[in-house]
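A helix, a loop residue and a cavity follow.

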Amino acid sequence: MASRTLIQLQIFLILVLSTTAFSDVLSPYYYEKVCPEALPTIKRIVEAAVYKERRMGASLLRLHFHDCFVQGCDASVLLDATPTIDGEKNAVPNLHSLRGFGVIDQIKKEVDKICGGPVVSCADILAVVARDSVVALGGPSWTVALGRRDSTTASRNLANINLPLATFNLAELSSNFKNQGLDERDLVALSGGHTLGFSHCRLFKDRIYNATNIDTEFAEERRKTCPRIGGDNNLAPLDPTFAHFDTAYFSNLIKEKGLLDSDQALFNGGSTDELVKTYSYNPMAFFADFAKSMIKMGNIQVLTGNQGQIRSNCRKVNS
């Protein structure tokens, strides 16, 4: 416990000293006067949801990722499909995969109630929820700059194009992240989010039966619940400690036990191998870089000021 407290304290100091991570228009104090109980309310609901189902932490973190990579961090991922909105929920990387929407709905309802109206944007909720989910599962904290606005559009097409695939190699991953203004350090650090949660059999089936850069015993173990034919929606953990934020993900990659091709691509004789090694034995380095990269990702193409709107219902554009 003492070492963990020390690590988190050091990370806090690193982040406090960093003044370049926040955009000019977002502020950590955005809701301090208009609704000071907003952030404590979000934290309380996230902690309850994760306590009820620890897998939910990974699902809520993933919502923020999949939002920011499409049109920026604007809560477009939360919009249901309509005759005029081609919802991102129906994109191939999201369909029957993204979850946690009910928790977001509950947070929005409670926050609007305590704030006396729609004051907190759905985009800000996603950003705060991602941080609180990581903390609830033993990971680092970071200061979330706030003031995002919600989009009035969504794009299934952009979701299909922009979201990284489980089959990507390192060059494809690096290019994909570069398109979002993120570098290779961000790629490796943010991929460490796979220390939490599960993946569907359909996404790693080809790897466990055909890949050469995979531990034999690991592949055999995964085949028990992921047959060659069928079982596409069966789940397997992305790392052995799937409900605890730690460095096991990176240790697994060194042992060629990455579940997805895109995971193992980070340690496959390429430019990111050394960083994977560093993170595997240095939790403080991983935690600090993950926090910095989450702040950086959370600033992608944000809507502010008079742009967009603050939705009353995260699933629908205001009428």
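A residue is called buried here when its relative accessible area is under 20%. With that cut-off, Cys 122 is buried, and Cys 314 is buried as well. Please keep in mind that the model is predicted.

**Disulfides**

How many disulfides are there? The count comes to 4. Three of them are set out below.

| Disulfide | S to S distance | Torsion about the S-S bond and hand |
|---|---|---|
| Cys 35 to Cys 115 | 1.9 Å | about -85°, left-handed |
| Cys 122 to Cys 314 | 2.1 Å | -95°, left-handed |
| Cys 201 to Cys 226 | 1.9 Å | about 75°, right-handed |

A disulfide joins Cys 35 to Cys 115. This pair links distant parts of the chain: Cys 35 sits in the loop between helix H1 (2-17) and H2, Cys 115 belongs to helix H4, and the two are 80 residues apart. Both Cys 35 and Cys 115 are buried.

Because Cys 122 lies in helix H5 and Cys 314 in the segment after H14, their link ties together parts that are 192 residues apart in sequence.

Then there is the disulfide between Cys 201 and Cys 226. Cys 201 is in helix H9, while Cys 226 is in the loop between H10 and strand E2 (235-237), so this pair ties together parts that are 25 residues apart in sequence. Here again, both Cys 201 and Cys 226 are buried.

If you number the bonded cysteines of the protein in sequence order, the pairing reads 1-4, 2-3, 5-8, 6-7.

**Helix H3**

Next, look at helix H3, which covers residues 55-68. Why can H3 be described as largely enclosed by the rest of the structure? The reason is that 12 of its 14 residues are buried. Among them are Met 56, Leu 60, Leu 61, Leu 63 and Phe 65, along with His 64, His 66 and Asp 67. The cover over the buried residues of H3 includes helix H2 (38-52), helix H4 (101-115), helix H5 (122-136), helix H8 (184-191) and helix H14 (283-297).

At 1.5 Å a residue, its 14 residues should span 20 Å, and the end C-alpha atoms are 21 Å apart, which agrees.

**A buried loop residue**

Ile 214 is found in the loop between helix H9 (201-210) and helix H10 (216-223). Is Ile 214 buried or exposed? Its relative accessible area is 10%, so Ile 214 is buried. Leaving out residues up to four places away in sequence, Ile 214 touches Arg 207, Ile 208, Ala 219 and Glu 256. Between the C-alpha atoms of Ile 214 and Lys 224, which are 10 residues apart along the chain, the separation is 16 Å.

**The cavity**

Finally, the structure holds 1 cavity of 30 Å³ or more. Which residues come closest to the centre of the largest cavity? Of the 12 residues that line the largest cavity, they are Trp 142, Val 144, Arg 148, Met 294 and Ile 295. About 80 Å³ of space lies inside. By class, the lining has 7 nonpolar, 4 polar and 1 charged residues.

Methods: Residues are numbered from 1 along each chain as its sequence is written. This is a predicted model: local features need pLDDT of at least 70, side-chain atom pairs count only at pLDDT 80 or more; totals for chains, interfaces and linings use all residues. Side-chain values use heavy atoms; hydrogens and water are left out. On a 1 Å grid over the protein atoms alone, a cavity is a set of points where a 1.4 Å probe fits but cannot get out, and a pocket is an open set with protein on both sides within 12 Å along at least five of seven lines; lining residues have an atom within 4 Å of a point. Grid points are joined across faces, edges and corners, and a volume is the space filled by probe spheres set on the points. Ala, Val, Leu, Ile, Met, Phe, Trp, Tyr, Cys and Pro count as nonpolar, Asp, Glu, Lys and Arg as charged, and the others, Gly among them, as polar. Helices (H or I, at least four residues) and strands (E, at least two) are DSSP runs, numbered from the N terminus. Buried means under 20% relative accessible area, exposed over 50%, partly exposed in between (1.4 Å probe, protein chains only). Contact means heavy atoms within 4.5 Å. The expected span of a helix is 1.5 Å times one less than its number of residues. A disulfide is a pair of cysteine sulfur atoms within 2.5 Å.
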